[in-house]
Amino acid sequence: MSAPVLEVEGLEHGYDGETVLDGVSFAVDAGEIVCLLGPSGCGKTTTLRLVAGLERPAAGQVVIAGEAVTGPGRAVPPEQRRVSMMFQDYALFPHLRVRDNVAFGLSGLARGEQRRRADELLDKVGMAAYAGAYPHVLSGGQQQRVALARALAPEPNLVLLDEPFSGLDPELRGRVRDDSMHLLKTSGAATLFVTHNAEEAMMMADRVVVMREGRVVQNGAPEEIYCEPASPFVATFLGEVNRFDGLVAGGRVETPLGSVAAPGFSDGSAVQVLVRPEAIRIGEPASAGAEARIEAVRMVGRSTLVHLTLAAAPRGVYGPADPGGIHLHVRSPGRIHAGEGEVRQLSLDGEQVFVFPRE
Ligand SMILES: Nc1ncnc2c1ncn2[C@@H]1O[C@H](COP(=O)(O)OP(=O)(O)O)[C@@H](O)[C@H]1O
Ligand SMILES: [Mg+2]
């Protein structure tokens, strides 16, 4: 087994006496894309800056390719870490042509070799035709490609990307993200990238490190954090959920959609049941299951979002008292033939149902 390219151990950092990172640990293997995912302000950029060496941690250590680059009495400068960092705004040099931007980090190579390497990378990102152009004539997506070529040109051990797609419009973002993912995978570098967008993290990453308020709250493959969230925070951050409150009896909890297993909870525990919209099935009229009235049906791209109200909602039992009943969201692949005002039966697919202690 190869050692990780990046090991972050117990990183602590703060600004003006405010704790920003509180014991952050994770690792990135060669060829692996790891995403730091979390809400704005949770410490993602700070973590990247400490890894890159732009700042020194108050405590903890950063190990790159087996060498401790920070730690007691030690600080390897950024340029010696074989780390490339790509910022949100791409930070291309406006006075340099595209080729010279890409060749910028290659000062150790002979001139001809620098050019050859820069052109090779520009070809890989589909920007060979722009080698002689200046950055200002490029679109946002083209600048992103050049910035990525520049980051990969010196064959770094580790590539750091901070919200690399947030400046792109949604249409373009999908394609640039996809191309970048394949390019990073084939480059063999270890990649650590930051986003607050859960869908982006799941599309790009081999592994996702979820952060909250300066701490790592879960670290796993995208399907693991989506299907087995460690906390209500992770479940909710990764995707929408319907929530019911209940009390455990005999290892199960009653919800308006039926009884759900609550392993590990003792009788009488107050729990919350989180149900993904895709875990609820809309049955044929008069089938078995909880009755609900369809309020609205909206096809959203590849799936249909159905808004329902549970008809027989005993007030205050399953959730916050709502005089209008319990409002639910159900998401089904493709098209759903159901009309507004219709009453349908709902059933649960237990896979996407999570039980947590009530907070
Ligand atoms: N240079 C700084 N001086 C003071 N506070 C900072 C500085 N940089 C970041 N912070 C604060 O640290 C926290 C984490 O910031 P950051 O790492 O940028 O979060 P994220 O990238 O997850 O949005 C925020 O509360 C932010 O306001
Ligand atoms: Mg940030």
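Colleague: How do the residues of the shell around ligand 1 divide into nonpolar, polar and charged?

Modeller: The division is 3 nonpolar, 6 polar and 2 charged. Ala, Val, Leu, Ile, Met, Phe, Trp, Tyr, Cys and Pro count as nonpolar, Asp, Glu, Lys and Arg as charged, and the others, Gly among them, as polar. One caution: this is a predicted model, where local features need pLDDT of at least 70, side-chain atom pairs count only at pLDDT 80 or more, and totals for chains, interfaces and linings use all residues. Residues are numbered from 1 along each chain as its sequence is written, while chains are lettered from A and ligands numbered from 1 in the order in which they are written.

Colleague: Which residues surround ligand 1?

Modeller: Y15, D16, V20, G38, S40, G41, C42, G43, K44, T45 and T46 surround ligand 1. They count as near because the C-beta atom of each, placed from the backbone, lies within 6 Å of the ligand. Helix α1 (residues 44–52) gives the most to this shell, with 3 residues. A helix here is a DSSP run of H or I with at least four residues, and a strand a run of E with at least two, numbered from the N terminus.

Colleague: What makes β3 and β11 a pair?

Modeller: Two strands pair if DSSP finds at least two bridges between them. Strand β3 (residues 33–37) and strand β11 (residues 207–212) are joined by 4 bridges, so they qualify, and they run parallel. C35 stands opposite V208 in β11.

Colleague: How many bridges join β11 to β12?

Modeller: 5 bridges join β11 to strand β12 (residues 215–220), and these two run antiparallel. V209 has N219 as its bridge partner in β12. The two strands form a hairpin with 2 residues between them, and E213 in the turn has a positive phi of about 45 degrees.

Colleague: What makes a set of residues a nonpolar core?

Modeller: It is a set of buried Ala, Val, Leu, Ile, Met, Phe, Trp, Tyr and Cys residues joined through C-beta atoms within 7 Å. Buried requires 20 or more other C-beta atoms within 10 Å of a residue's own, all placed from the backbone. The largest such core has 92 residues, and C35, A149, L158, L160 and L192 have the most contacts inside it. Helix α4 (residues 140–152) gives the most to this core, with 6 residues.

Colleague: Which residues is L160 in contact with, leaving aside its neighbours within four places in sequence?

Modeller: L48, V51, A52, V83, S84, M85 and L192. Contact means C-beta atoms, placed from the backbone, within 7 Å.

Key: A residue is buried if 20 or more other C-beta atoms lie within 10 Å of its own, exposed if 12 or fewer, and partly exposed in between; C-beta atoms are placed from the backbone. Two residues are in contact if their C-beta atoms, placed from the backbone, lie within 7 Å.
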